[in-house]
Amino acid sequence: VDFRISQQLDFPTTYVHKSRVRKIRTSQAELDYVRIRQTILLRARQLWIERIYLNQLEAMVSERRAQAETINNHFRQKQEAGEVDRLAYSHSNLQLVALKSEHEKVQSEIRSNQLAIQEIAGGTDVELSEIIFPEPVQFNPDSLLAVYLESPDLQLYTQQIRLMEEQKNLALSNALPKFSAGYYSESVLAQKFKGFSVGISVPLWENSNRIKQAKTEMVYAEADMQRYELQQHSEVLKQLDRLESLRTRTQMLEDALSQESGMEVLALSLENGEISLTEYFYASDFYFRNEQLLLGYKKDQLLTEAALMKVYL
């Protein structure tokens, strides 16, 4: 009867490096959670901004549609009375149909936005009726870049370098001698042998490739982190430049529209016969499209700000 109990022990430093590897992986999991949380919160903010934009656009299109319906009814009555030809009424009717189609498109986008908000809210039905955009945010480029250097994404790269370094040290420790100890018992007929055993093993070539691989992976991780730092720096500056451009265009268009006559003035001028129907269609459509463009600038400006604010979420 043979009975043996034995335990092999790595070199003491091996357990130190294994413990550090576990701690780094735990830290990476926590950073992954923060990064995913920031991504979800950014998506929620983007949907909220998009919804405010759509609410404003829907109100704008709805008002323009109501004006077009009033003008269409007015020209239908004039056409029936023989005061205008059928062509003028057809033009007003065509504009009304186009606005109805645009109104339905905006309402469809609102429904899609509502479903996206409901999905990101875990199925909760969130009703958003806001039509006022939040106040713009002012950024200090140097402070913003400093915050991005502490972002979870960059910290993950830092932790990855630490992980590669500890794995390299672990591979080196595994190349050191291993120890073993145990108890042995053997019984043969009337003879019994018992005793303790100790031993040592020296790895020669089994870990050489692992050490080379760990060193190569560490060099790659350092280079990848440098690449990401440069990419982040360039992306932040690009977003700040885009934000400044959007603010300039928004201000210029707001100033230009403030000098133009509003839709009510145009409708009144048409009613009084001061401008023709063709002139009204051209002027009102030009004014309306620029209002839409201004609204789009404001939305893009806030979406750009939201992307830059992701690291603060």
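Modeller: What follows starts at the core, moves to the residues around it, and ends with the aromatic pairs and a surface patch. Keep in mind that this is a predicted model.

The core comes first. The largest nonpolar core has 15 residues. Within this set, I49, Y53, L57, V61, V106, F133 and L295 touch the most other members. The top contributor is α1, with eight residues.

Take V61 as a way in. Set aside its neighbours within four places in sequence, and V61 is in contact with L99, E102, H103, V106 and F288. One of these, V106, is also on the list of core residues that touch the most other members.

K299 lies in helix α7. Its relative accessibility is 14%, so K299 counts as buried, the cut-off being under 20%. Beyond its neighbours within four places in sequence, K299 is in contact with I49, E50, Y53 and F133. Of those partners, I49, Y53 and F133 are among the core residues that touch the most other members.

L115 lies in helix α2. At 56% relative accessibility, L115 counts as exposed, because the cut-off for exposed is over 50%.

Next, R247. This residue lies in helix α5 (residues 208-258). R247 has 18% relative accessibility and therefore counts as buried. Leaving out residues up to four places away in sequence, R247 touches P136, V137, Q138, Q301 and E305. A second position gives a sense of distance. R247 and V219 are 28 residues apart in sequence, yet 43 Å apart in space, C-alpha to C-alpha.

Turn to the aromatic pairs. The count comes to two. Y157 and Y228 form a stacked pair, with 4.6 Å centre to centre and 20° between the planes. This pair links distant parts of the chain: Y157 sits in helix α4 (residues 152-174), Y228 in helix α5, and 71 residues separate them. Y228 counts as buried because its relative accessibility is 10%.

Y183 and F196 form an edge-to-face pair, at 5.5 Å centre to centre and 65° between the planes. Here too distant parts of the chain are linked: Y183 is in strand β2 (residues 178-188), F196 in strand β3, 13 residues apart. What of their exposure? Y183 is partly exposed, with a relative accessible area of 26%. F196 has 75% relative accessibility, so F196 counts as exposed.

Last, the surface. L9, Y15, F179, I200 and V202 make a nonpolar surface patch of about 470 Å². Among them, V202 has its place in the loop between β3 (191-201) and α5. V202 counts as exposed because its relative accessibility is 55%.

Definitions and conventions: Residues are numbered from 1 along each chain as its sequence is written. This is a predicted model: local features need pLDDT of at least 70, side-chain atom pairs count only at pLDDT 80 or more; totals for chains, interfaces and linings use all residues. Side-chain values use heavy atoms; hydrogens and water are left out. A nonpolar core is a set of buried Ala, Val, Leu, Ile, Met, Phe, Trp, Tyr and Cys residues joined through side-chain atoms within 4.5 Å. Buried means under 20% relative accessible area, exposed over 50%, partly exposed in between (1.4 Å probe, protein chains only). Helices (H or I, at least four residues) and strands (E, at least two) are DSSP runs, numbered from the N terminus. Contact means heavy atoms within 4.5 Å. Patches are made of residues with over 30% relative accessible area and no salt bridge: like charges are joined within 9 Å, nonpolar side chains (Val, Leu, Ile, Met, Phe, Trp, Tyr) within 5 Å. Accessible areas come from the Shrake-Rupley method with a 1.4 Å probe; for residues, only the protein chains shown count as cover. A salt bridge is a side-chain nitrogen of Lys or Arg within 4 Å of a carboxyl oxygen of Asp or Glu. Rings of Phe, Tyr and Trp (its six-membered ring) pair if their centres lie within 6.5 Å; planes under 30 degrees apart count as stacked, over 60 as edge-to-face and the rest as tilted.
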